[in-house]
Amino acid sequence: MIVIAHLSDIHIGATPESAARARAVMRHLDALPADLDAVLVTGDIADHGTADEYEQARKLLTSRHTVLIGPGNHDVREEFRRVLLGDPNPYPGPGPVNQALRTPRAIYAMCDSSIPGQNPGHLEEETLDWLEGVLAGSDRPVFVAFHHPPVPLHAPLLDDIMLRPSPRLEELVGHPNVAAVLVGHAHTAAATTFAGRPLLVAPGVVSTLTLPWEGGTTWETCLDYVLPPSLAFHVLDDEGRITTHYRAVIAP
């Protein structure tokens, strides 16, 4: 079976505790007795997109497991590329940051759903073309990942800044090799479907979203920074069934 750790919304620089919370999650993963197939981090790595925040994140997100990191709406593409990904170009371009990780057992397509300077999500045609190429050459299960959920999660504040999906994205996700779509942005563990595939939402590392029926009706009341950081483990078995386990991690 394939076992993936999935975390999101680190937001280094958002609070004094953000780095310690991320460190606790990564220590938890490195202390596991077994190797993971991959660790996917679906965006909002930095809170303000500064070089200092990405330098912290680069050190924090280092692991004995293979790590693939994508951007979110709080990230700045140029600094993300230059500092976090180590782009040797001193002036990396503003285009989407799309990355594919190919392992012997699976392919992970990390798409950039950010819109520079805005909170909602969008997959540019360049990104969809890129994803189509990844899927066309796939001979293994493919996990498609990006930051913004493409369906409502019944949290109005969040749903106002979700990704607006296109028919082309739905068609691509319907590719027979796509095992699941993995996203972040919501700061709450959630599971639903999109284009006939599992859509699995990572909980937040920096904070947890409280839902409207829990009292989270404004941005001032909906984010809980006291609940522990959390992550997801996705397991794809030999029958093609995906199972998700969510774990909270006690931060120091």
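1. S12 and S13 form a hairpin, with five residues between the two strands. Gly-240 sits in the turn and has a positive phi of about 85 degrees. Seven bridges join S12 to S13 (residues 242-248), and the two run antiparallel. Ser-230 stands opposite Ala-248 in S13. Strands here are DSSP runs (E, at least two residues), numbered from the N terminus, as are helices (H or I, at least four). Two strands pair if DSSP finds at least two bridges between them.

2. This is a predicted model: local features need pLDDT of at least 70, side-chain atom pairs count only at pLDDT 80 or more, and totals for chains, interfaces and linings use all residues. Residues are numbered from 1 along each chain as its sequence is written, and side-chain values use heavy atoms, with hydrogens and water left out.

3. Six strands form an open sheet of mixed pairing, in the order S4-S5-S6-S7-S9-S8. S4 (99-102) and S8 (190-194) are the edges; each has a single partner strand, so one side of each lacks a neighbour in the sheet.

4. S8 pairs with S9 (residues 197-201) in the antiparallel sense over five bridges. Thr-192 stands opposite Leu-199 in S9. Helix H4 (residues 125-136) packs on the sheet and touches S4, S5, S6 and S7 (contact: heavy atoms within 4.5 Å).

Terms used: Axes fitted to C-alpha atoms, helices over the stretch in contact; angles between N-to-C directions.
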